[in-house]
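Hi,

Here is the structure I said I would pass on.

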Amino acid sequence: MRSVTLSAALVVAASGALANTDAPKPTFSRTAVKAPFLEQFTDDWSSRWTPSEATKKTPVGGETFSYVGQWSVEDPSSSFIEGDKGLVAKSKAAHHAISAPFAKPIDFKKQPLVVQYEVKYQKGGNCGGGYLKLLEDGFQTSGKEFSDTTPWVVMFGPDLTCPGTKVHFIVRHKSPKTGAVEEKHLKLAPHPSIEKLTNLYTLVLHPNNTYNVLVNGQSEKTGSLLEDFEPPFNPPKEIDDPEDSKPEDWVDEEKIPDPDAKKPEEWDEDAPYEIKDEEAVKPEGWLDDEAPTVPDPDATKPEEWDDEEDGEWVAPTVPNPKCKEAPGCGEWERPWKVNPLWRGKWAAPLIDNPAYKGEWAPRKIPNPGFFEDKAPVKTLPKIGGVGIELWTMTEDILFDNIYIGHSVDDAKKFAADTFEVKKPLEVAADKPAEDEKDDDDKVSFREDPIEWIRSNLFDFIDLAKSNPVEAFQTQPEIGAVLVGLIFTLFGMIGALFGLVGGASKPVITKSSKKTDAVTPDDKKKTETAPVAPAGETKKDEEKVKKRK
């Protein structure tokens, strides 16, 4: 496995530098973390991974397909760590399959199973999976014959389900009673957003049947195998009797038409839905003698028009110009309105059915396949390898930094060496276009000095809270304005007390020398400048208002 030896502070500094300059990139090196299986796709990756060449028939028979999707270990399309390569599913609209065996099978009956890896949809979202299959021990050497029928124990990872996203967590569980194997799917699986950046997916499965699904180090779903999966690991004690059937005389209609109801005598089923409005009056100024359209006076018969072959030429019509100023032209007709006497087809009202017996359901019988497995994790087989088998409409899906083992702490350390170095650099590089757009929306001091001060003041105050000196160095204009406002405020307060005090001798204070350099007094004034939470909110609101 590989790691990048950078401190947290250096990562932050490097991300800003790489986003805006041609600063050298961090260099990849193998991680010191150890695990039963740890893959960083170094130069010897092909000695561990085998692309599938399997061919199979479709469920309807006849047609066959092969895993023709190409695999390649290469640099990401946007590389931020020198020499950091990943496994890429290259082909669009193709079946991909590849697998790697473990040095020895992993047993997680007494220790947690920890699965962690990175996925990057480099071309963005479309239909495409990004999940792993942990292969059942004994089938890890399938290699070129690895396919969707190869037995696996756990399937985990993201899937672009078209539409939407989903993080799969599926367990294949064997019934101790019947021997049948059934897939158990996590209910209400996480649905994170999947963008073009790298994302980290982690599964922790404990021997006590509890689990934790994390995305980018944040827990998205926790629970128990015994409660959160469909179908459940333990079948019901009773099931519907498959031989039971509803009696012929069973009445399951809860409501029936009232047999005693009669149609009212005044109910006219033949009354039309609409009638002429007899109360309507022709608008004043209506031009009865003018047609709505008239021949176009500017139209002329084409020179090539032949009356004998084409018939008599008739000028096209245009809206009558006299009708533009009038409420209407031509013969006036009364408008239609809904008939107040319209009732429609009469039907008897519904009443409770006196013969209703309720909704029929088959009787329950003991479930012949019932069993109770209180510790399904301990009954799962060992895993002997890992495979990626998927159909995707998206090309260039990149997999990297796979950890499969028992230590949550080691997985976190591995993520700190890799993902937590890479992701900030990607995010920083993804921001300039947005920041540039924001800069275009900002007004200049000359265009609107008040708006310019309001837009920049809150940024200055936020920075001054943590580093007043840097705030004055980076935004001296705002600092000068703020200091001037503070002095003006104190001057107004002093003048107010002078008026209230009447004949009291005014107190003369010696003002500090005006300078662009930061003084201790400036620090104090900046740190004590009134900053209300509403001000922070208003800053965000102002920025939103300017975006169009």
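This is a predicted model: local features need pLDDT of at least 70, side-chain atom pairs count only at pLDDT 80 or more; totals for chains, interfaces and linings use all residues.

Let's start at isoleucine 404: leaving aside its neighbours within four places in sequence, this residue is in contact with Ala35, Pro36, Phe37, Phe102, Ile106, Leu113, Val114, Val115, Leu134, Ile383 and Val386. Contact here means heavy atoms within 4.5 Å.

Residues are numbered from 1 along each chain as its sequence is written, and side-chain values use heavy atoms, with hydrogens and water left out.

Back to Ile404: together with Phe156, Phe169 and Phe399, Ile404 touches the most other members of the largest nonpolar core, which has 59 residues. (A nonpolar core is a set of buried Ala, Val, Leu, Ile, Met, Phe, Trp, Tyr and Cys residues joined through side-chain atoms within 4.5 Å; buried is under 20% relative accessible area, exposed over 50%, and partly exposed in between, with a 1.4 Å probe and protein chains only.) Strand E13 (residues 152-160) gives the most to this core, namely six residues. Another core lies apart from it, with eight residues that include Val33, Val114, Val204 and Phe414.

As for the chain overall, there are 11 helices and 29 strands. These are DSSP runs numbered from the N terminus, with helices (H or I) of at least four residues and strands (E) of at least two. Of the 548 residues, 37% are buried. The accessible surface comes to about 33,100 Å², and 53% of that belongs to carbon and sulfur atoms; areas are from the Shrake-Rupley method with a 1.4 Å probe, and for residues only the protein chains shown count as cover. Taking contacts between residues at least 6 apart in sequence, 74% join residues at least 24 apart.

Strand E12 (residues 132-136) is worth a look. Four of its five residues are buried, so E12 is largely enclosed by the rest of the structure. What does E12 pair with over four bridges in the antiparallel sense? One partner is E13, with leucine 132 standing opposite phenylalanine 156. Another is strand E28 (residues 383-392), again antiparallel and over four bridges, and there leucine 134 has valine 386 as its bridge partner. (Strands pair if DSSP finds at least two bridges between them.)

On the helix side, H4 (residues 408-417) and H5 (residues 419-429) pack at about 40 degrees, with their axes 3 Å apart. Axes are lines fitted to C-alpha atoms, for helices over the stretch in contact, and angles run from 0 to 180 degrees between N-to-C directions. H4 and H5 are therefore oblique to each other; under 35 degrees counts as roughly parallel, over 145 as roughly antiparallel, 65 to 115 as roughly perpendicular and the rest as oblique. Ala415, Ala416 and Asp417 of H4 make the contact with Phe419, Glu420 and Val421 of H5.

Most residues other than glycine have a negative phi, and most peptide bonds are trans.

- Glutamate 230 and proline 231 are joined by a cis peptide bond, with omega about -5 degrees. Proline 231 is in the loop between strands E19 (229-230) and E20 (238-240).
- Alanine 93 has a positive phi of about 55 degrees. Alanine 93 is in the loop between strands E8 (86-89) and E9 (94-106), and is partly exposed at 37% relative accessible area.
- Asparagine 216 also has a positive phi, near 55 degrees. Asparagine 216 is in the loop between strands E17 (210-215) and E18 (218-224), and is partly exposed at 28%.

Cheers
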